[in-house]
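Good morning, colleagues. Please look at the model on the screen while I go through its charged pairs, its pocket and its overall build.

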Amino acid sequence: MPRIWKPSVTVAAIIEQDGKFLLIEEETSEGVRINQPAGHLDPHESLEQAVIRETLEETAHDFTPTALVGMYMSRYTSRRTGEEVTYLRFTFCGVPGQRHERPLDEGILRTMWLTRDELAACQDQHRSPLVLQCVDEYLAGRRAPLELLHTHASVFKEVVSN
């Protein structure tokens with residue numbers, strides 16, 4: 001049977017405070033890159049739970065998503081391995097909460113707050129072209145209500161095999 005193609009589902013957080021955006025600087029296989037707090041959807045969690053978890057792990061900040069900025073599909077080819085991956089990214093905006101004293105996820109070098117112009121000035125360091133695109137669409141007022149998303153209860157249940 002042929003392998004079934006599936007995109008890799010990711011989430012990202014747009015967090016603005018006083019005209020600056022919370023970003024992370026991370027070590028990747030292609031060097032140090034700038035990104036929004038972002039990561040993969042894990043088994044048994046909703047998209048909203050994933051973006052809350054990823055934001056805490058990567059920035060040590062609580063995060064409350066308030067809207068969906070957009071859904072983005074992009075293809076990435078690793079310069080190192082030549083492997084192609086298609087990503088389906090759900091980008092949320094919301095409000096930051098408490099900052100915790102805890103280590104950041106492995107590979108995260110630091111958090112930083114940048115204006116849109118500062119972010120645009122370092123595009124060559126972005127993890128993806130979507131980093132600036134998502135900020136621009138957020139600033140343009142693009143929002144969809146979270147009620148658009150539904151996670152069926154079956155997602156949260158462990159499947160027991162015999």
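How many salt bridges does a search of the whole structure find? The search finds nine, where a salt bridge is a side-chain nitrogen of Lys or Arg within 4 Å of a carboxyl oxygen of Asp or Glu. Before the details, please note that this is a predicted model, in which local features need pLDDT of at least 70 and side-chain atom pairs count only at pLDDT 80 or more, while totals for chains, interfaces and linings use all residues. Residues are numbered from 1 along each chain as its sequence is written, and side-chain values use heavy atoms, with hydrogens and water left out.

Let me begin with the overall build. The protein chain contains three helices and seven strands; helices (H or I, at least four residues) and strands (E, at least two) are DSSP runs, numbered from the N terminus. Read from the N terminus, the order of elements is β-β-β-β-α-β-β-β-α-α. The radius of gyration is 16 Å, close to the 15 Å that the globule rule gives for 162 residues, so the chain is as compact as a globular protein of that length. That radius is taken over C-alpha atoms, and the rule is 2.2 Å times the number of residues to the power 0.38. Along the principal axes, the C-alpha atoms fill a box of roughly 55 × 35 × 35 Å. Of the 162 residues, 41% are buried, buried meaning under 20% relative accessible area, exposed over 50%, and partly exposed in between, with a 1.4 Å probe and protein chains only.

As for the record, an unreviewed UniProt entry carries the annotation "domain: Nudix hydrolase" over residues 4-137. UniProt positions are given in the numbering used here, feature names are shortened, and annotations may be inferred rather than shown by experiment. Over residues 4-137 the chain is 19% helix and 50% strand, and the end C-alpha atoms lie 32 Å apart.

I return now to the charged pairs. Side chains of opposite charge can pair when their charged atoms come close. Glu45 pairs with Arg53, with the closest N and O atoms 2.7 Å apart, and both Glu45 and Arg53 are buried. For Arg53 the relative accessible area is 19%. Arg53 also forms a salt bridge with Glu57, at 3.2 Å from N to O. Arg53 and Glu57 both belong to helix α1, four residues apart, about one turn of the helix.

A further pair is Asp136 with Arg116, at 2.7 Å from N to O. This pair links distant parts of the chain, with Asp136 in helix α3 (residues 130-139) and Arg116 in helix α2 (residues 116-120), 20 residues apart. Asp136 is partly exposed at 29% relative accessible area, and Arg116 is partly exposed at 27%. Elsewhere, salt bridges that share partners join Asp42, Glu45, Arg53, Glu54 and Glu57 into one network.

Next, the pocket. What is the volume of the largest pocket? The volume is about 920 Å³. On a 1 Å grid over the protein atoms alone, a pocket is an open set of points where a 1.4 Å probe fits, with protein on both sides within 12 Å along at least five of seven lines, and lining residues have an atom within 4 Å of a point. Grid points are joined across faces, edges and corners, and a volume is the space filled by probe spheres set on the points.

The lining of this pocket comprises 36 residues, of which Asn35, Tyr76, Tyr87, Arg127 and Ser128 lie nearest the centre. Strand β5 gives the most to the lining, with four residues. By class, the lining divides into eight nonpolar, 13 polar and 15 charged residues. Here Ala, Val, Leu, Ile, Met, Phe, Trp, Tyr, Cys and Pro count as nonpolar, Asp, Glu, Lys and Arg as charged, and the others, Gly among them, as polar.

I close with the backbone. Most residues other than glycine have a negative phi. Asp18, however, has a positive phi near 55°; Asp18 sits in the loop between β1 and β2 and is exposed at 78% relative accessibility. His44 likewise has a positive phi, near 70°; His44 lies in the loop between β4 and α1 and is partly exposed, at 33%.
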